[in-house]
Amino acid sequence: MTENPIKVLMVEDNAIHQQLIQHLMKNSRLNAHFVIAESLKEGLSRIVQENFDVVLLDLVLPDSNGITTLGKFRSAEPNLPVIILTGLDDISLAAATVELGAQDYIVKTNANTTLLSRSIHYAIERTRARSGEWDSGMFQLAQQQFLKTAQIMGLDDNIRERLLFPQKTHIVTLPFRRDEYGLVENVFGYRVQHLLTMGPTKGGIRYHQDINLGEVSALAMWMTWKCALINLPFGGAKGGVRIDPTALSRPELQRLTRRFTSEIINVIGPDKDIPAPDMGTDEQVMGWIMDTYSQHAGFTVPGVVTGKPVVLGGSLGRREATGRGLVYLIEAAAQHMNMSLDGATAVIQGFGNVGSNTARFLDEDRVKIVAVSDVTTGIYNSNGLSLKEIYKYIQDNRFLSGFPEADHVTNQELLELPCDILAPAALQNQITSTNADRIKCRLLAEGANGPTTLEADEILGEKNVFILPDVLGNAGGVTVSYFEWVQDTQNYMWTLEEINSRLHKILIDAFDRTFHRASSDKIDMRTAAMIEGINRVTEAKLLRGIFP
Ligand code: NAD
């Protein structure tokens, strides 16, 4: 399921052809949304008014003919990928259009669902790969947050520039075969290591259809601050594969994971760089990564990943650690805010690993969960939702869509519901300057990475919303990942009680340091948490010096 439809401008004056192409794309895995223009003039005015991902262009239109039709589009919007879809079966014309910048040339009589879907998919992929690898709102946010903090703390200029970009980035492409047909797709994968100063690098692997190098780099940078804030002996890393995981069968997921692992096998390792789950990946995916790595090594290497199943050397408590940690921190924040959790209301965006466990532990604290969501919908009941019914419904239906006994709201509406605690636990860039003034919570507990923009931070600050920033809020995951790595390295496993009590101690210590700094320096919690992390990294960097 692709959540953001691909926006296609079809410039085509023949109504039968318009319908035929749309009909063919209905059977495709791509979620294409078509806008039709019937002439060159209309097409050119459409691309000025709206953003499109790709144009399907007929060369013969009422007001234009031949290759000049393409030329007009290319000069109007050079970065917009164009696929020629024409009745003209002419190989030299095809070559000329590609030379002029068209991504593909399809003769209408040859068009079928697979051909069209692949052509559209690759036209967009190539354009992204050529121009957009670093172009990510998330990377801009991570850099601006860092620069703002550097300004406030008067960070050494040399250190500032060193930390602004990751130390190592790896882009791989891998062949991926789906179940239903024999065609092979070319898929992009990433592993980014932001900081190698503190020890091995550490960070999750995300499968999502929109990721690029910038997004993975932002996540790696946040991992650096998080590990340093918590005093873990790791630098930040992150990885990902640009694919929609919800559209993959289990065999597909396994094949993709094993091939991706073998592409980055020289980069990861228990002493080098240790992946973990993130959005779109889970324990099973970690198990396959561990197995693939171990097959290459010739012996079992449990410490190469964390967040794997317990029977493979995973840690007790890792699965729920991020949600559990977030709730420990909510408890600490509530105490400072004089807010009783018994009977308080909570809204949670995202009901995956982080969201569902946050809901579970808040529920144990007698917080009333009034709304949750997933990629398909949000569900709201001001009297409180039954988690038991939600788990059962998801088990049977995979997604929340169609859940009875609740009002259905969009993910954006959900964020604006009245509540005491709002926990974004899905995607980045959810609370922005456009909706921050309508956010009604008292406590914003960030389970997701990067859910709040800098402008929104300001607005929420003016409204006195207490913020548990992501680098602190979701640090429970990497903390128990660290425990798992230590247990694997020592071949000595801890009890759940030991894990939870150490997790609690470490997170509350980080909360207290952050809260104390925020209060004494009169700065917000995010800046305070980042200063804690950046100070530690700076000290280590200065002590290690520069090679050679
Ligand atoms: P997950 O894949 O288990 O769950 C993600 C949830 O978000 C799902 O319910 C999905 O349906 C929903 N979702 C996806 N797209 C959405 C959209 N556009 N709008 C609303 N909901 C959407 O992922 P997760 O591991 O729970 O990670 C969630 C967030 O927490 C991410 O930002 C991740 O980086 C962060 N995080 C995760 C961990 C961890 O241990 N898993 C640790 C730290 C931070």
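Tyr 482 and Trp 485 stand about one helical turn apart because they are 3 residues apart in helix 17 (residues 476–490). Helices here are DSSP runs of H or I with at least four residues, strands are runs of E with at least two, and both are numbered from the N terminus. The model is predicted, so local features need pLDDT of at least 70 and side-chain atom pairs count only at pLDDT 80 or more, while totals for chains, interfaces and linings use all residues. Residues are numbered from 1 along each chain as its sequence is written, and side-chain values use heavy atoms, with hydrogens and water left out.

The structure holds 14 aromatic pairs. Among them is the pair of Tyr 482 and Trp 485, which is tilted, with 6.4 Å from centre to centre and 35° between the planes. Rings of Phe, Tyr and Trp (its six-membered ring) pair if their centres lie within 6.5 Å; planes under 30 degrees apart are stacked, over 60 edge-to-face, and the rest tilted.

**The ligand**

Around the ligand there are 22 residues, and the closest are Arg 206, Asp 278, Thr 322, Ala 426 and Asn 449. This shell has 8 nonpolar, 9 polar and 5 charged residues. Ala, Val, Leu, Ile, Met, Phe, Trp, Tyr, Cys and Pro count as nonpolar, Asp, Glu, Lys and Arg as charged, and the others, Gly among them, as polar. The table gives distances from N or O atoms of the protein to an oxygen atom of the ligand.

| Residue | Part of the residue | Distance |
|---|---|---|
| Thr 322 | side chain | 2.8 Å |
| Asn 353 | backbone | 2.9 Å |
| Val 375 | backbone | 2.9 Å |

Taken alone the ligand exposes 820 Å², of which the protein buries 87%. Such areas come from the Shrake-Rupley method with a 1.4 Å probe.

**Backbone features**

The peptide bond from Phe 547 to Pro 548 is cis, with omega near -5°. Pro 548 belongs to the segment after helix 19. Arg 398 is not a glycine, yet has a positive phi of about 70°. Arg 398 sits in the loop between helix 13 (387–397) and strand 16 (407–409).

Methods
Near = heavy atom within 4 Å. Polar contact = N/O pair within 3.5 Å; in protein donor to acceptor, adjacent residues only side chain to side chain.
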